[in-house]
Amino acid sequence: MKRNVTGAMAFTMAAVLVLGACSNTNTPENNNTAGTNTGGTNHNNNASSEPADPFGAYEEPVTISIGMQVDPTDKSLPSGDTPLDNQYTRQIKEALNIDVEHAFTASAANMRQKISLAIASNDLPDAVVVNAMEMRQMVEADQLADLTQIYEDYASPEIKGILDSTGGTALDTVTFDGKIMAIPGVQADADGVHLLWIRQDWLDEVGLEAPKNMGELEEVARAFVEQDPDGNGQDDTIGLSGPQSGDGKMYANFLESKNNLYGFDAIFSAYDAYPGFWIEGEDGQPVYGSILPETKGALAGLRNLYAQGLIDPEMAVREASDELVINGKSGMFIAPWWMGYGPLTNAVKNNPEANWQAYALPLNEEGEFSPHTATPSTEFVVVRKGYEHPEVAMKMLNNLYKNEMENTFDPSKGGPGYYPLRVVFAPSDEIEFTNIAIKEFLSGEKTMDDFADVKGYKLLNSDLENIKSIKQEPYDQWGISTWTPDANWGAWTRSYSLMVGGNPIVETDMQEVPSLIYEQTPLMESRWVNLKKMEDEMFLKIVMGAAPVDSFDQFVEDWKRQGGEQITQEVAQALQP
Amino acid sequence: MRIKGFAKHYYLMLLPGYLWLFVFSIIPMFGIVIAFQYFNPGKGVFGSDWAGLEHFRYMFLLKDTREVFVNTLVIAVMKIIANLLVPLVFALMLNELRITIMKRWIQTIVYLPHFLSWVILGGIILDLFSYNGPVNQLGAALGFEPVLFFAKAELFPFLVVGSDVWKEFGFNTIIYLAALTGINPALYEAASMDGAGRWRNLWHITLPGIRTTAVLLAVLSLGNVLNAGFDQIFNLYNPLVYSTGDIIDTWVYRTGLLNLQYELATAVGLLKSVVGFILISVSYYLAYRLINYRIF
């Protein structure tokens, strides 16, 4: 009995002080049942009560049990800290009085399967970060809490600002029947632009320029393969890296529209081909890029490169494509701006002369760089239906963003991934803005004080503070010899990505090609997997010479017949205003 | 009476086995209904709407279904045959060895791979057969062009069967060796007296002596006629070899657990069970008719 009373009091206090009014169906009887049944998800803001506090701490500790992705090889936590007890969880406890528990943890490779199982067995953690397909599945299974009111009442102005900056796209993605069912993360636009990374020192060695078009790219790749650019006297260099086995993709697609490493995205766009994306056809109707003749042309081009041994002969079978970059065997690969965070740190540690530079190349026949672009939101925080404190997740996100802006956390004492329920909230132009700011700062045009009022670019301050310790003059050149990464590897990783990876994005006038749609239509749920499998298999076979180029035509026919035609109509309907 | 009490203990000892079978094999069978539903995890098995045979209709429409069934059968049958013959021949050869210590050594070494999981062996085999791996280096020394083995759909089933035999033949050999030691040595002595050579001994004494064991193993392995080895293939395959290497189990895993198409995956799984049941019944009947062997 005593326990009941305490619980009831705890609940009442929490309800009055923090939650704002709980549901309007909250009868006194409900109150007496205490703690466990707090009106579920129906939080209506009652004018008579205090407003919801996005940052306030709970009076009584509140527990949230989450599913979390943990990298088992990560060694960044100081000794004594654990994924459940580290600077992030302690800060959350202190600032919000929230106890975080783990319903399950999984490595990146097993996370998808773990979540699938949680959905199938209807046993979700209180909150978890999921992808678009999983979110949709959960909504259909009616497993998620309605977060519409929570978002209204609890989302911090900063986060609302970032979500609004996407022009409504971010919220549209998570709105089902007019209800917000998840909190979307927002990633920078630059993540969706795939650049050509080249070993500049190899280029100089063979006396060539960065390839402007496909013809020149072939020439460079041949020189890299045949002229022993690493000078070790062995025939062991590779022109262009290819996707790895397992999760490797030849191109990003409308469902996973960004951050494709070691694919051929930039090459496809040089042929004006956009496989995997829904684009406007000649008749103005939506059409799937993979079935267009341009894609056939690009596949034929890639096949030609592969047949000559200019693309990694072990593409699609190799287990880890980054090895070739790290151990200095590959001369080119295609990936987004953030490769400092990718293989380049290890590549430069292995060989301080490895001068990886990024280019917005190759260009198409009109001389344009026309990359496909991504949807800003690919990860979502969802809350289980029936969880007593659905606003906890939102408050943790508010707290995350606030502290990232204030630079509270020290990444060397546990990487940012250890923040529970972390998703990225980045202004869409973060990379471009920071890139330009750093250049203005280096050239002396502006000082730190000029950026004192800039809000929202969360790491700008530390970027500016650190840049001169790792970047040496001349400040208008970016070759590896002008950097001193040994001074601060953490800062170098970020700055090298921002500058070398950001420069082509800032300096190129890009003709961006977005997908008309970034989510599945109803029929896709049952048919897409098999269509996609057919596509992946066929395209790989064409490129690697296991099937003739003309089998592409058969693929197009099969694709249409096995549901592609109907899906295209569905997409057209979904796009009708 | 005494005998009855004695038997009770045996039944008691069987209990954990039955319990295990019930919990892990009988109860999950009710999940079959998912194949006939629009399964909604939120509503569960009891609340989801019925779909009739729709998923089965789509299943037969899919080119994949036939492909994975054919692949599974081809790989599994090749494995069954190879895993019966290779250990048998090896056991006979080992049996002819006169130096006991050498026999023991060989026996120990060849069955070592049995204890490694496919996660580890998969990586090793992929490396061995990679573009710059030992196999291709050997080939290059003999003047062959390098081959990317695991990208060739036509080679994949043979690589799978070959590596499986390499992993398992040592272990299977043990059973035959045990059967060989069960043959009465007096028979050999008598045959030698009558002037029989090694081949005669082999043909008239050794082979008939282990016939029962060989048939038993063959019949038992027929239970696996639709199990082509999920963990092995899962660790070795890639999209390039789907056309010959994708088997029912890997397909069901990708469809059901990675792509959340529970109904279709269950339907294919159910079809596998039905076909498997028929095949096993037929082969059991054949074993009974042809060589009068029965388990029950």
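Modeller: Before we read any percentages, a helix here is a DSSP run of H or I with at least four residues, and a strand is a run of E with at least two, both numbered from the N terminus. Please also keep in mind that this is a predicted model.

Biologist: With that in hand, how much helix and how much strand does the chain have over residues 105-126 of chain B?

Modeller: Over residues 105-126 of chain B the composition is 73% helix and 0% strand, with the end C-alpha atoms 28 Å apart. Over residues 264-287 of chain B the chain is 100% helix and 0% strand, and 34 Å separate the end C-alpha atoms.

Biologist: Which residues of chain B does UniProt list for "domain: ABC transmembrane type-1", and how far apart do the end C-alpha atoms of that span lie?

Modeller: The unreviewed UniProt entry lists residues 69-283 of chain B under that name, and the end C-alpha atoms of this span lie 18 Å apart, with 75% helix and 0% strand between them. Another separation to look at is that of B:D231 and B:G122, which are 109 residues apart along the chain while their C-alpha atoms are separated by 9.1 Å. B:D231 belongs to helix α12 (residues 230-236) of chain B, and because it has 14 C-beta neighbours inside 10 Å, B:D231 counts as partly exposed.

Biologist: What is the count of buried residues in helix α9 of chain B?

Modeller: Among the nine residues of α9 (residues 185-193) of chain B that count is zero, so this helix is hardly covered, given that a buried residue needs 20 or more other C-beta atoms within 10 Å of its own. After α9(B) comes B:G195, with a positive phi near 90°.

Biologist: In what order do the strands of the four-stranded open sheet of chain A lie?

Modeller: The order is β8-β11-β7-β12, and the pairing is mixed. The edge strands, each pairing on one side only, are β8 (238-240) and β12 (356-359) of chain A, and neighbouring strands of this sheet are turned by 25° against each other on average, direction ignored. Within the sheet, β7 (residues 195-199) of chain A runs antiparallel to β12(A) with four bridges, and A:W197 stands opposite A:A358.

Biologist: Which residues are joined by a cis peptide bond with omega of about -5°, and which by one with omega of about 0°?

Modeller: The bond with omega of about -5° joins A:L361 and A:P362, and A:P362 lies in the loop between β12 and β13 (372-373) of chain A. The bond at about 0° joins A:E473 and A:P474, and A:P474 is in the loop between α17 (460-470) and α18 (489-501) of chain A.

Biologist: Where is A:Y262 found, and is A:Y262 buried or exposed?

Modeller: A:Y262, a non-glycine residue with a positive phi of about 65°, is found in the loop between β8 and α11 (265-270) of chain A; because it has 27 C-beta neighbours inside 10 Å, A:Y262 counts as buried. A:N122 also has a positive phi, near 55°, without being glycine. A:N122 sits in the loop between α4 (108-120) and β3 of chain A, and counts as partly exposed because it has 16 C-beta neighbours inside 10 Å.

Biologist: Finally, how many residues does the contact take from each chain?

Modeller: The contact takes 24 residues from chain B and 26 residues from chain A. On the side of chain B that touches chain A, the largest share, three residues, comes from helix α14 (residues 248-258) of chain B, and the residues of that side divide into 15 nonpolar, eight polar and one charged.

Notes. Residues are numbered from 1 along each chain as its sequence is written. Chains are lettered from A and ligands numbered from 1 in the order in which they are written. This is a predicted model: local features need pLDDT of at least 70, side-chain atom pairs count only at pLDDT 80 or more; totals for chains, interfaces and linings use all residues. Two strands pair if DSSP finds at least two bridges between them. Axes are lines fitted to C-alpha atoms, for helices over the stretch in contact, and angles run from 0 to 180 degrees between N-to-C directions. UniProt positions are given in the numbering used here, feature names are shortened, and annotations may be inferred rather than shown by experiment. A residue is buried if 20 or more other C-beta atoms lie within 10 Å of its own, exposed if 12 or fewer, and partly exposed in between; C-beta atoms are placed from the backbone. Two residues are in contact if their C-beta atoms, placed from the backbone, lie within 7 Å. Ala, Val, Leu, Ile, Met, Phe, Trp, Tyr, Cys and Pro count as nonpolar, Asp, Glu, Lys and Arg as charged, and the others, Gly among them, as polar.
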